[in-house]
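Colleague: Could you walk me through the salt bridges in this model?

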Amino acid sequence: MPLHPSVADTLQTLAAEAGAAPLLALGQTVFWDEPLKALLPSVAEEAGFPIRLIAGVHDTDYFAKLPGGLASNKQYVALPKNDGSTKGFWSAAAEFSAMFGGETPVTREAYSDAGVFLEKLAKGDPEFVDRATEAYGWRGIAATDSTPRVAGEIPLSAVFPCLNETLRWALETTVSSLCDGTQQHEGRAEAARLQQIVCETLDGCHGRTLSTFYECLLPQMHKFATGEECVAEITRTFKLLRFARDSWHLPRFEFVSIFLDPATAEAAKGAYDEAVRGTEVYQLARFGTGAIPFDLVIPGVGRGTIRLTPKFLIVMTPQPVFVALNSPIESLEELAAVVERRFGEVALIGKAITLISMLSREFVFAFHEHASMYVSHTRRLHDILLRSGIRVKSNPILRIHLHAWDALEATDRWFQLPEEMRRPFGSEQVSGKTIARSWKTVIEQQQQNLDRMRDARRPRQLVQTLARIKGGRWEPLGEEYEKLSAQLQALRTRTRDIGQQIAGVYEQLRSIKADWQQLEREKGDHFRRTHASGQPSLDDVKARAEFTERIRELRLQRKAARARLADLRAQIAREFQCESAIAARERRREIVREAEMARLRVVRDALITIRALEQSNVRPSAWWMPLVTPDGSWIRGIKERMELRLEPLVGEAT
């Protein structure tokens, strides 16, 4: 089978830079993209550069919890991802993406950027917001118990019913995307085979947690997805990072030592804080005095940040644990002795960016393109440490680019597109070859639609833009909108003179008020001058009467002006409240709301299409391939097109 030229070139360079370091593939679930990394030993063998692959279940991160505001009487529930009731929901250890699906919701911010006033359209309906922002074809499982637990301690018996039900949803949704009845029948047979593998693994696996089940299932998923026997070594991060007196010396823990050694500890902590400044990752002060960027995972207790003071080792588990020290801990060997004596078997794991630092010393991470948002921060940390005189030894990352949609060129499948992708592709049903040859163009066109929606800020611009994008009813609606606008403009023109008269009356009232106030002041001054002695002259009395008369005249003028103002307002009201004007305004409001709803749909379709296709092109769910093409044509196409590149963890990324 011909391979992409980058495979041999990259593996040759990797062998020169990393020697015999094994590839490491870690994933929190076996039901997404991880099993496709099983292709690496095969392509490496064909390229003439054999490799060793270690595939592991990342079981030391927290399992997802139910988002705030939601409730359930079940222990575990499957949820969609949106920017409403499940905003910020994350479920890496038990997530499922059906064919064409993705984990990225259409956020409020994205809508706003495209000119959509989501809250205004929702009119206070939270379900409207959920529907409008929901990611297509994705479900993630959450625990309803508020107590945080790492994935390695989730009881399999409790989570499996929800896991299996959600898997069935993803399988059926995927099979239903196939148009042809025969192809659907073949897909359902593969789905049944996968479910049988899952159930047989459940029966044969001696582990009692979700992660031990995944560990048993992972080699089966490798074979199911790729059609090739699993040659990887299977493990879990708890095993990989088991920290004790017989393992502290392994290269994977070497990076931790610079945070323990008094000669480098302060510089290392400062470098970490600088590397994460301005990101969502907490600086060390947030964890308390003596914190280092590593956690201990203690079975039955939980996961917590390590804090070291001269007298105590503190582990910030849900209920913090304090261990008294005879002397400060200043080395890995000393730390291993203390934790093994106090806790027995534990795992020592880096926080986000430092986990990459730890494991890249001994292994070569195999990441799909766009996987792990922390790599750039890890590289920054290493660069800052180097400037401080601390050199970190690390192997480069092996990046895998799959080209999943391009690989559909090799298939004979036909697909029923999800509703959000039908208008972007211009059809409800398309062939695999059409997807392969057009998906990039479709993304470009949808990006153009987003730009047009962003520029169409006024209703008239929006209706005209919809007529260009969608055609159909929007052309006559655009004409109707223009006629209604002209009708209302003519009405405004007719009332403009009345408006000017109203402005004149207001000016007259302001003048009357000013004159009145002036007369009142003069009248008061006159009274104080002429009546101070108590004996005003006849001229003084006459003058006072004249003041009173002039004020009375102003009062009458004000009354007449107010009456005139009321009459003019009534004239405008009659103009604007006539049936034709009311009907014109109401109909134009209907068209504007219809246009705004259409804008929302155009934006949603565009963003779902762009994000889902771009993400799943490089990180598709591995089990899609056998369900869609049981003959293996899709996975062979992916294998032929697979590109590899190296990404250094020090200096500029290539």
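**Salt bridges across the chain**

Modeller: Gladly! Arg 52 pairs with Glu 233 in a salt bridge whose closest N and O atoms are 2.5 Å apart; the term means a side-chain nitrogen of Lys or Arg within 4 Å of a carboxyl oxygen of Asp or Glu. This is a predicted model, where local features need pLDDT of at least 70, side-chain atom pairs count only at pLDDT 80 or more, and totals for chains, interfaces and linings use all residues. Residues are numbered from 1 along each chain as its sequence is written, and side-chain values use heavy atoms, with hydrogens and water left out.

Colleague: Is Glu 369 buried or exposed?

Modeller: Buried is under 20% relative accessible area, exposed is over 50%, and partly exposed lies in between (1.4 Å probe, protein chains only). Glu 369 has a relative accessible area of 11%, so Glu 369 is buried.

Colleague: Which residue forms a salt bridge with Glu 369?

Modeller: The closest N and O atoms of this pair are 2.7 Å apart.

Colleague: Which helix holds both Arg 552 and Glu 549?

Modeller: Their side chains meet in a salt bridge at 2.6 Å, N to O. The two lie three residues apart, about one turn of the helix. Helices are DSSP runs (H or I, at least four residues), numbered from the N terminus. Both residues are in helix 19.
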